[in-house]
Amino acid sequence: MGTGNDVVIAGFVIYGDTPITVLIRGIGPRLTDFDVTGVLADPQIDLFLQGNPVAIQHNDNWGGPSTLTDAFR
């Protein structure tokens, strides 16, 4: 979150050999509906594999199937 020296990088690790499904969501302007200030105007997510500097997935503008977009309203 942020830019330049204010960038925040969060992460998590999933261990094991069994594939699992996870939902990762970045939320920004909609937080103002809950009186949150200082929200991100255009959140984006990049997904990396450990040790690989190239993103394997990128999401911006939060499209997707209607089941997801409806759930996020």
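Colleague: What pLDDT does the chain average?
Modeller: Good place to start, as this is a predicted model: local features need pLDDT of at least 70, side-chain atom pairs count only at pLDDT 80 or more, and totals for chains, interfaces and linings use all residues. Residues are numbered from 1 along each chain as its sequence is written, and side-chain values use heavy atoms, with hydrogens and water left out. The pLDDT is the predictor's confidence in each residue, from 0 to 100. Here 82% of the residues score at least 70, and the chain average is 80.

Colleague: Which element of the chain has the lowest mean pLDDT?
Modeller: Helices (H or I, at least four residues) and strands (E, at least two) are DSSP runs, numbered from the N terminus. This chain has 1 helix and 2 strands, in the order β-β-α from the N terminus on. Strand β1 has the highest mean pLDDT, 83, while the lowest, 67, belongs to helix α1 (residues 66-71).

Colleague: What percentage of the residues count as buried?
Modeller: Buried means under 20% relative accessible area, exposed over 50%, and partly exposed in between (1.4 Å probe, protein chains only). Of the 73 residues in the chain, the buried share is 5%.

Colleague: Which residues form the nonpolar patch on the surface?
Modeller: Patches are made of residues with over 30% relative accessible area and no salt bridge; like charges are joined within 9 Å, nonpolar side chains (Val, Leu, Ile, Met, Phe, Trp, Tyr) within 5 Å. Accessible areas come from the Shrake-Rupley method with a 1.4 Å probe, and for residues only the protein chains shown count as cover. Together about 700 Å² of accessible area belongs to F12, I14, I20, V22, I24, L47, L49 and I56.

Colleague: Which side chains meet in a salt bridge?
Modeller: A salt bridge is a side-chain nitrogen of Lys or Arg within 4 Å of a carboxyl oxygen of Asp or Glu, and the structure holds 1. At 3.6 Å, N to O, the pair is R30 and D33.

Colleague: Is D35 buried or exposed?
Modeller: D35 lies in the segment before β1. Most residues other than glycine have a negative phi, yet phi of D35 is positive, near 60°. With a relative accessible area of 73%, D35 is therefore exposed.
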